[in-house]
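Here are my notes from a walk through this model, in numbered points. Have the coordinates open as you read.

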Amino acid sequence: MSDKIQCCTTNGEIPLGQAYWDSQYQSHTTGWDLGVVSPPIKNYVETIENKQLAILIPGCGNTYEAEFLLQQGFTNVTVIDIAPTLVAVLQEKFKNNSSIHIVLGDFFEHQGKYDIIIEQTFFCALPPTLRQRYVSKMHRLLKTDGLLVGLLFNRTFEKSPPFGGSKAEYEQLFAKAFTFLKLENCLQSASPRANSELWIEFKKNKDVIVNLYTMEGITSVDHMTKQLSAIPDVVHISINSDFSELLLVSTKEMDTQNIQHIITTPKK
Ligand SMILES: C[S@@+](CC[C@H](N)C(=O)[O-])C[C@H]1O[C@@H](n2cnc3c(N)ncnc32)[C@H](O)[C@@H]1O
């Protein structure tokens, strides 16, 4: 695999929080930065007619995508990143532009409602334990019929971040919470990422409720899964990789106490 695709250096034990990401910008260790708008995202943006749509780019980095949106006349662009060094540069760069809102913060704390959220090497930068939380947050941040569009890796990596994934994993992870309008091999990827990305267009499923639950003291995942799946209104469940969080998709509001009880009650 090409070294160019390597995102950043970590021994796997460094928490991937604000200090980590900020140090990458301070030391210019930004191997993920394409230096130009990602070609598939550029092509997609060119198809959007309504320039007033509210668009979010999380984990925006140097955000050539937002710059392209502004060039195309979009008037309601929000970008968020956790790295203060980067965000200070962006705030200076776009200081006279009222069409872009630049937020320093954690995506998972962000509040808002968007028509489109653009994914570009943000998902792969997060520890995989946060994947269920990512789905829940995306669902919450999108308006009715809102779209999550962009790129996800369809490969693994020896050193992470970036953290890889596969089409099969994404089908499971986003199931029922989103309708897959597109989940296909990307043919226009930037050359260092050729044949390793999937193009996604996921539409928020407005007919479901998506909730994230903390799991503590779980003794039998199988038992819990069976019990939750037996609830008539539950259409999908997904458990994160360290068994600390549960994503539950249902057609009706769930009784949180009952769900929490099932999660924490040991198998008899
Ligand atoms: C691999 S970089 C990608 C940057 C940009 N999307 C690009 O393609 O050039 C991941 C970015 O996500 C940001 N990030 C990581 N965790 C975040 C979080 N919880 N909330 C907001 N931004 C975060 C990092 O600071 C970094 O800029």
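1. Let's begin near the end of the chain. Ile-262 lies in helix H8, which covers residues 256–264. Keep in mind that this is a predicted model.

2. Who does Ile-262 touch? Setting aside neighbours within four places in sequence, Ile-262 is in contact with Met-224, Gln-227 and Leu-228. Take Met-224: it sits 38 residues from Ile-262 along the chain, yet the two C-alpha atoms are separated by 6.3 Å.

3. Now the domains. The chain is divided into domain 1 (3–206) and domain 2 (210–264). Their C-alpha centres lie 28 Å apart. Across the boundary, 13 residues of domain 1 are in contact with 13 residues of domain 2.

4. Which helices build the domain 1 side of that boundary? Helix H5 (131–141) and helix H6 (167–173) each supply at least two residues there. H5 gives the largest share, with 6 residues. By residue type, the side of domain 1 that touches domain 2 divides into 5 nonpolar, 5 polar and 3 charged.

5. Over to the ligand. It is surrounded by 21 residues, and the closest are Trp-21, Gly-59, Gly-61, Phe-107 and Ala-125. How many residues of this shell are nonpolar, polar and charged? The shell around the ligand has 13 nonpolar, 5 polar and 3 charged residues.

6. Have a look at how two of the helices meet. Helix H1 (residues 18–26) packs against helix H4 (residues 84–93) at an angle of about 60 degrees, and their axes are 7 Å apart. Because of that angle, H1 counts as oblique to H4. On the H1 side the contact uses Asp-22, Tyr-25 and Gln-26, while H4 brings Pro-84, Thr-85 and Leu-86. Sorted by type, the residues of this contact are 3 nonpolar, 2 polar and 1 charged.

7. Ser-160 and Pro-161 are joined by a cis peptide bond, with omega about -5 degrees. Pro-161 and Pro-162 are also joined by a cis peptide bond, with omega about 5 degrees. Where do these prolines sit? Pro-161 is in the loop between strand S5 (142–153) and H6, and Pro-162 is found in the loop between S5 and H6 as well. Recall that H6 is one of the helices on the side of domain 1 that touches domain 2.

8. Next, a backbone angle to check. Thr-63 has phi near 45 degrees, a positive value in a residue other than glycine. Thr-63 is found in the loop between strand S1 (55–58) and helix H3 (64–71). Is Thr-63 buried or exposed? It has 25 C-beta neighbours inside 10 Å, so Thr-63 counts as buried.

9. Asn-195 is another one to check. Its phi is near 60 degrees, a positive value in a residue other than glycine. Asn-195 is found in the loop between strand S6 (178–185) and strand S7 (197–204). With 10 other C-beta atoms within 10 Å, Asn-195 is exposed, whereas Thr-63 is buried.

Definitions and conventions. Residues are numbered from 1 along each chain as its sequence is written. This is a predicted model: local features need pLDDT of at least 70, side-chain atom pairs count only at pLDDT 80 or more; totals for chains, interfaces and linings use all residues. A residue is near a molecule or strand if its C-beta atom, placed from the backbone, lies within 6 Å of it. Ala, Val, Leu, Ile, Met, Phe, Trp, Tyr, Cys and Pro count as nonpolar, Asp, Glu, Lys and Arg as charged, and the others, Gly among them, as polar. Axes are lines fitted to C-alpha atoms, for helices over the stretch in contact, and angles run from 0 to 180 degrees between N-to-C directions. Helices (H or I, at least four residues) and strands (E, at least two) are DSSP runs, numbered from the N terminus. Angles under 35 degrees count as roughly parallel, over 145 as roughly antiparallel, 65 to 115 as roughly perpendicular and the rest as oblique. Two residues are in contact if their C-beta atoms, placed from the backbone, lie within 7 Å. Domain bounds come from an automatic or database domain assignment. A residue is buried if 20 or more other C-beta atoms lie within 10 Å of its own, exposed if 12 or fewer, and partly exposed in between; C-beta atoms are placed from the backbone.
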